[in-house]
Amino acid sequence: MEYHGDFSHLYRMVQEKMERSGSCHDFDHVCRVMHNAEKLLESYPQANREIVMLSALLHDIARPEEEASRGRLCHAVAGAKMVPDFLLKSGFPQELIPPVAEAVKTHRFRGKHEPQTLEADLIFDADKLDSLGAAGIGRAFLFAGRENARLHNTAAEALAAEAYSKEDTAYREYLVKLRYLPRKMRSEAGRKMAVERAAFMADFFERLDKETKLGDFSL
């Protein structure tokens with residue numbers, strides 16, 4: 001597609017910025033969200049493709065700052081404030097800034113701001129889809145490993161656990177958040193994809209639970 005600016009320059013700017021982000025929200029994640037956005041756009045030809053793809057590329061640009069603040073800073077709100085600088089430095093027109101900034105600001109699962117446009121809905125869904133399915137399982141274990149959590153625990157242990165603890169396993173992330181994502185999706189196409197990916201995760205954790213049944217061998 002044709003962009004009204006230098007997309008390659010913007011791409012490189014974001015890639016360099018995201019090198020400072022953790023592995024769960026690195027530039028690979030950004031690229032997967034862009035791929036999800038492209039898939040969703042197939043069902044919504046009326047959406048502004050340029051706004052969607054620019055928003056997908058820029059949605060996590062403030063992740064390094066949020067991680068440095070240990071979560072005190074909201075990367076969605078902070079990222080929206082960075083959008084003008086990134087777009088203007090890459091030659092994009094002023095009129096693209098508001099819709100892209102709005103999509104960036106409203107993409108967060110736990111955010112206070114909800115999407116108000118189709119383009120923002122698609123960015124919200126594209127981002128959440130990367131938390132589901134095989135990619136979602138991989139990301140959950142990446143995070144758990146970074147926090148030195150156990151490989152697996154029981155549902156009772158996981159649900160009673162505190163965040164960033166040894167019991168904050170990939171299974172806890174699934175039970176607390178990921179299994180509920182399909183009902184949070186903003187588009188019908190996104191919801192359909194989310195249901196399929198969530199079912200895959202449910203089967204995976206059921207299998208993992210069976211393979212890792214722990215007993216007290218001291219008895």
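**View 1. The side chain of Asp 168 and its polar partners.** A polar atom of the Asp 168 side chain lies 2.7 Å from the backbone nitrogen of Tyr 164. The side chain of Asp 168 also makes a polar contact with the side chain of Arg 172, at 3.2 Å; a polar contact is a pair of N or O atoms within 3.5 Å, where within protein one must be able to donate a hydrogen and the other to accept it, and residues adjacent in sequence count only if both atoms are side-chain atoms. The model is predicted, with local features requiring pLDDT of at least 70 and side-chain atom pairs pLDDT 80 or more, while totals for chains, interfaces and linings use all residues. Residues are numbered from 1 along each chain as its sequence is written, and side-chain values use heavy atoms, with hydrogens and water left out. Asp 168 is placed in the loop between helix H9 (155–160) and H10; helices are DSSP runs (H or I, at least four residues), numbered from the N terminus. Asp 168 counts as buried because its relative accessibility is 3%, buried meaning under 20% relative accessible area with a 1.4 Å probe, protein chains only.

**View 2. Phe 124 in helix H7.** Phe 124 belongs to helix H7 (residues 118–129). With 6% relative accessibility, Phe 124 counts as buried. Beyond its neighbours within four places in sequence, Phe 124 is in contact with residues including Phe 109, Pro 115 and Arg 186; contact means heavy atoms within 4.5 Å. Ser 55 is 69 residues from Phe 124 in sequence, and their C-alpha atoms are 10.0 Å apart.

**View 3. Helix H2 and its buried side.** Among the buried residues of H2 are Phe 27, Val 30, Val 33, Met 34 and Leu 41. At the N-terminal end, Asp 26 caps H2, with a side-chain oxygen 3.2 Å from the backbone nitrogen of Asp 28.

**View 4. The largest pocket.** The largest pocket holds about 930 Å³ of space. Its lining has 30 residues, of which the closest to the centre are His 25, Arg 63, Arg 110, Phe 143 and Tyr 164. A pocket is an open set of points on a 1 Å grid over the protein atoms alone where a 1.4 Å probe fits, with protein on both sides within 12 Å along at least five of seven lines; lining residues have an atom within 4 Å of a point. H8 gives the most to this lining, with five residues.

Methods: Helix = DSSP H or I, 4+ residues; strand = E, 2+ residues; numbered from the N terminus. Buried < 20%, exposed > 50% of the residue type's maximum accessible area, 1.4 Å probe, protein only. Points joined across faces, edges and corners; volume = space filled by probe spheres on them.
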